[in-house]
Amino acid sequence: MSKVVLKNVTKIYDKKKVIDNVDLTINDKEFVVLVGASGCGKSTILRMIAGLEEITSGEIFIGDKKVNDIQPKDRDIAFVFQSYALYPHMTVRENIAFGLKMRKVDKATIEKKVQEAAEILDLTEYLDRKPKQLSGGQRQRVALGRAIVRNPKVFLMDEPLSNLDAKLRVQMRSEIKKLHEKLQTTFIYVTHDQTEALTMGDRIVVLDKGVIQQFDRPEVIYDNPANTFVAGFIGSPQMNFINADVNGNSIEFDGCSFTNPKDLGERQKVILGIRPEKMICEGVVKFSKAVEMVELLGSEKIVYFNVGNQKCSAKLPAENNIGKTIELSINPSDIYLFDHETGMRL
């Protein structure tokens, strides 16, 4: 059983609360991704689970055991760092085996575990090479192998792909997901890359300033963001936000209006959210805008323009001819409504 539970966990550095009363339950064998901007506290949470950071208050459980006062080496976890942290003078075999040797595991068991890990990670033919003879992706697999041989209850990964080029990142994302399926244990993975979060996680924790903004399945977070922070962070390009006025059952913005079926109470202003791919050429609410910039992304174009004083973008098929102005429209059913003051979804 490798369930991980955080109860009312808080971390304070120099009188500043960097993790604020976090409650989090990660199920046995689940792949959970912590995502957020730099400084949001995601790596701090990972390090507190590992025991590399003390918690200021609260409780952490791994399985049924409270681990607040248990040393990192006794928590039955494996930590894969952003840097590969391989010993350059050792072979791949020796790097993978190092932790087991420190625990004085017998040679036969070490060799068996190293061979098993090498087969899982497709490293068998590289076991006698030094790290400098490997590619970045191969080095990262060696770091994973060092974790696998320990057969831990929980794998903790802190931005393990950030040092790889774009092509290798895509490849390694797939390999780590396959590894999770093979090992059938709990993975907790930290990244600032929302694409990694969406493609890898069974569930995603979206963090901002030490507070969990939303914790749910990737498709729920994308389709039903809890607030403007989540809506703006998840999705590429990010969601467009437009200030709008409420006039009875009508919502008005930049010379456009549409009928709103929701009861908005006494609100006089709201924030509209619309994803760039929902800015289309054939819809109900039509408008024409001056084009500021166009980015070609192979099969798609990103077109940038202003709505009122807000910068917006539309994701369109590459074959669309874009001139100095663009005719666009949106359907009311594709619009998200957020509270103007709190940013919470209405």
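Entry 1: I looked up the largest pocket and found a volume of about 530 Å³. A pocket here is an open set of points on a 1 Å grid over the protein atoms alone, where a 1.4 Å probe fits, with protein on both sides within 12 Å along at least five of seven lines. Its volume is the space filled by probe spheres set on the points, which are joined across faces, edges and corners. I noted that rolling a probe the size of a water molecule over the atoms shows where empty space is left.

Before going on, I wrote down that this is a predicted model, where local features need pLDDT of at least 70, side-chain atom pairs count only at pLDDT 80 or more, and totals for chains, interfaces and linings use all residues. Residues are numbered from 1 along each chain as its sequence is written, and side-chain values use heavy atoms, with hydrogens and water left out.

Which residues that line the largest pocket are the closest to its centre? I found Phe79, Phe81, Arg103, Arg146 and Arg150, out of 21 lining residues. A lining residue has an atom within 4 Å of a point. I then sorted the lining into 15 nonpolar, 2 polar and 4 charged residues. For this, Ala, Val, Leu, Ile, Met, Phe, Trp, Tyr, Cys and Pro count as nonpolar, Asp, Glu, Lys and Arg as charged, and the others, Gly among them, as polar.

Next I checked which elements the lining comes from. Helices (H or I, at least four residues) and strands (E, at least two) are DSSP runs, numbered from the N terminus. S6, helix H2 (92–102) and H4 each supply at least two residues, and S6 gives the most, with 4.

**Entry 2: helix H2.** I went along H2 and listed its buried residues: Val92, Asn95, Ile96, Ala97, Gly99 and Leu100. Buried means under 20% relative accessible area, exposed over 50%, and partly exposed in between, with a 1.4 Å probe and protein chains only. A reminder to myself: an α-helix has 3.6 residues a turn, so residues three or four places apart point the same way. The buried residues of H2 pack against H3 and H4; contact means heavy atoms within 4.5 Å.

**Entry 3: the mixed sheet.** I traced an open sheet of 6 strands in the order S6-S7-S8-S3-S9-S10, and its pairing is mixed. Strand S6 (77–80) and strand S10 (211–216) each have a single partner strand, so one side of each has no neighbour in the sheet. Two strands pair if DSSP finds at least two bridges between them.

I followed S3 (residues 31–35) both ways. S3 runs parallel to S8 (residues 186–191), joined by 5 bridges, with Val35 facing its bridge partner Thr191. S3 is also parallel to S9, with 4 bridges, and Val32 has Arg203 as its partner there. S9 (residues 203–208) is mostly covered, as 5 of its 6 residues are buried.

How many bridges link S9 and S10? I counted 5, in the antiparallel sense. The hairpin of these two strands has 2 residues between them, and Lys209 takes a positive phi near 55°.

H5 (residues 166–183) touches S3, S7 and S8, and makes about 160° with S8. These angles run from 0 to 180 degrees between N-to-C directions, with axes fitted to C-alpha atoms, for helices over the stretch in contact.

**Entry 4: the antiparallel sheet.** I found an open sheet of 5 strands, ordered S13-S12-S11-S14-S20, with antiparallel pairing. Its edge strands are S13 (256–259) and S20 (336–339). S14 (residues 269–274) and S20 share 4 bridges, and Ile271 is partnered by Phe338.

Entry 5: Most residues other than glycine have a negative phi, and most peptide bonds are trans. I looked for exceptions.

- Asp122 has a positive phi of about 60°; it is in the loop between H3 (107–120) and H4, and is exposed at 54% relative accessible area.
- Gln184 has a positive phi of about 50°; it is in the loop between H5 and S8, and is partly exposed at 44%.
- Ser236 and Pro237 are joined by a cis peptide bond, with omega about -10°; Pro237 is in the loop between H8 (228–233) and S11 (240–247).
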